[in-house]
Amino acid sequence: MKPETLALRSTHPTDNNASAVVAPIYLSTTFERNQNYELPHGFLYSRAGNPNRQQLEHALATLEGGTEAMAFASGQAATMSFFQALNPGDHVLVPDDAYYGTPALLQEVFTRWGLTFSKIDSTDPGKIEAAIRPETKVLWLETPSNPLVKVADLTVTAALAKTYGLLTVCDNTWATPLIQRPLDLGCDVVMHSTTKYLSGHSDVLGGALIFKESNELSGRIRQIQTLGGAVASPFDCWLTSRGIKTLAVRIKQQSANAAQLATFLETHAAVERVHYPGLPSHAGYEIAQKQMKLPGAMLSVQVKGGAAEAIQCMQKLQLFTRATSLGGVESLIEHRASVEGPDSLTPANLLRISVGLEHIDDLLNDLTQALG
């Protein structure tokens with residue numbers, strides 16, 4: 001089936017109780033055994049398993065082309081559970097433009113556990129190879145990256161990682177499986193913040209890991225999920241499954257809007273630079289054309305001047321909501337360096353934009369008046 005059909009069919013329930021077209025929400029924390037003390041449906045306790053979570057995990061594995069998926073309470077919980085499955089002394093490579101929470105988690109939590117990490121330019125295979133150590137176990141990728149929208153060549157980097165026996169993990173949050181499928185390009189694990197495009201309505205917190213193969217690593221992480229308990233709630237799983245049903249139409253329209261905004265911004269006199277993989281001027285344009293079906297709905301723009309000019313432009317906007325996060329149906333904008341704090345390497349004049357479903361003419365008019 002095509003991805004658009006998979007998004008619908010993978011979230012369609014099999015309800016033996018009432019033949020419901022939409023899955024019911026199973027809020028029960030525990031499940032009854034029969035007279036023989038057996039679990040007739042396989043569910044014991046909601047931390048270990050729940051029908052809504054099972055359905056979501058099945059849908060995620062189907063969409064990404066994996067064999068197994070695990071849903072967590074947040075994207076950071078998913079990332080943390082992966083790192084917890086590594087051993088003290090292991091070394092991780094992460095992009096120098098990764099979501100700031102990923103290296104922060106490694107630095108603030110896991111260095112005390114004995115993990116080490118290095119930041120690398122994930123768009124340069126030579127620099128990746130030079131950073132590999134004997135103790136390196138994982139190459140963590142994020143493409144497009146947050147917030148500079150860098151594009152890593154997944155096929156090339158995954159093949160390089162395999163020659164050194166490394167696991168390749170790709171944060172696919174910005175692209176979604178409707179745009180690119182990292183497992184098809186050689187990656188071993190996909191990570192998602194399901195808070196973003198998969199749920200799609202800014203009302204769910206969640207995360208997921210999807211595995212190309214069920215193996216010892218996936219088994220360890222499943223154990224961490226069960227014992228640690230950072231699982232997605234039944235209602236959050238239900239909402240995310242509902243969001244996946246409309247993912248295809250949302251991401252296509254949002255991507256179309258973003259492409260027009262990026263083209264407009266690139267030629268505006270008040271703009272220094274636009275970061276968007278759908279622009280031929282983007283350094284990763286050719287790679288994006290090869291591995292992404294659409295350029296996506298995220299872009300970053302550097303306003304001429306510094307932080308003051310960027311924030312002033314943002315303050316004038318009327319349709320773009322000034323808020324953190326991304327992937328919802330409404331357009332959001334934020335001054336990323338302010339969010340990341342004093343150690344941020346993000347340019348001070350950069351604004352990150354999550355393009356929504358408003359009419360493109362209204363979004364263009366709003367940007368026109370804000371930029372002057």
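This is a predicted model: local features need pLDDT of at least 70, side-chain atom pairs count only at pLDDT 80 or more; totals for chains, interfaces and linings use all residues.

User: Which domains does the assignment give?

Analyst: The domain assignment gives domain 1, covering 3–242, and domain 2, covering 248–371. Taken over C-alpha atoms, their centres are 26 Å apart.

User: How many residues are in contact between domain 1 and domain 2?

Analyst: On the domain 1 side, 29 residues are in contact with 36 residues of domain 2. The two domains bury about 2,700 Å² between them, and carbon and sulfur atoms give 61% of that area. Val151, Ile179 and Tyr197 supply 26% of what domain 1 buries against domain 2, more than any other three residues.

User: And how many salt bridges between domain 1 and domain 2?

Analyst: The count is two salt bridges between domain 1 and domain 2. For polar contacts, the rule finds 11 residue pairs across that interface, with both residues at pLDDT 80 or more. As for the elements involved, α1 (3–9) and α6 (154–163) each supply at least two residues to the side of domain 1 that touches domain 2. That side has 16 nonpolar, 10 polar and three charged residues.

User: What does Lys252 pair with?

Analyst: Lys252 forms a salt bridge with Glu4, and the closest N and O atoms are 2.9 Å apart.

User: How many salt bridges does the structure hold?

Analyst: The structure holds 14 salt bridges. One of the salt bridges joins the side chains of Arg133 and Glu135, at 3.7 Å from N to O. Arg133 counts as partly exposed because its relative accessibility is 35%, and Glu135 is also partly exposed, at 29%.

User: What about Glu334 and Arg336, how far is N to O there?

Analyst: The side chains of Glu334 and Arg336 meet in a salt bridge at 2.4 Å, N to O.

User: Is Glu334 buried or exposed?

Analyst: Glu334 is buried, with a relative accessible area of 4%. Arg336 counts as buried too, at 2% relative accessibility.

User: Which other residue does Arg336 meet in a salt bridge?

Analyst: Arg336 also forms a salt bridge with Glu340, at 3.2 Å from N to O. The two residues are four apart in helix α12 (residues 336–340), so about one helical turn separates them. Both Arg336 and Glu340 are buried. Elsewhere, salt bridges with shared partners join Arg53, Glu57, Glu68 and Arg222 into one network.

User: Switching topic. Where is Thr79, and what does it touch?

Analyst: Thr79 is in helix α3, residues 75–84. Leaving out residues up to four places away in sequence, Thr79 touches Thr102, Leu105, Trp140 and Met191.

User: Why does Thr79 count as buried?

Analyst: Thr79 counts as buried because its relative accessible area is 1%, and the cut-off for buried is under 20%.

User: Which residues of α4 are buried?

Analyst: In helix α4 (residues 101–110), the buried residues are Gly101, Thr102, Pro103, Leu105, Leu106 and Phe110. Those buried residues pack against α3, β2 (91–95), β3 (116–120) and β4 (136–142).

User: Now the backbone. Which peptide bonds are cis?

Analyst: Among them is the bond from Thr143 to Pro144, with omega near -5 degrees. The bond from Asn146 to Pro147 is cis as well, with omega near 15 degrees. Pro144 sits in the loop between β4 and α6, and Pro147 is placed in the loop between β4 and α6 too.

User: And phi, what is it for Ser19?

Analyst: Ser19 has phi near 55 degrees, which is a positive value in a residue other than glycine. Ser19 lies in the loop between α1 and α2 (51–64). Ser19 is exposed, with a relative accessible area of 60%.

User: What about phi of Ser325?

Analyst: Ser325 is not a glycine either, and its phi is positive at about 95 degrees. Ser325 is found in the loop between β10 (321–322) and β11 (332–335). Ser325 is partly exposed, with a relative accessible area of 23%.

Technical notes. Residues are numbered from 1 along each chain as its sequence is written. Side-chain values use heavy atoms; hydrogens and water are left out. Domain bounds come from an automatic or database domain assignment. Contact means heavy atoms within 4.5 Å. Buried area is the accessible area (1.4 Å probe) that two parts lose on being put together, summed over both. A salt bridge is a side-chain nitrogen of Lys or Arg within 4 Å of a carboxyl oxygen of Asp or Glu. A polar contact is a pair of N or O atoms within 3.5 Å; within protein, one must be able to donate a hydrogen and the other to accept it, and residues adjacent in sequence count only if both atoms are side-chain atoms. Ala, Val, Leu, Ile, Met, Phe, Trp, Tyr, Cys and Pro count as nonpolar, Asp, Glu, Lys and Arg as charged, and the others, Gly among them, as polar. Buried means under 20% relative accessible area, exposed over 50%, partly exposed in between (1.4 Å probe, protein chains only).
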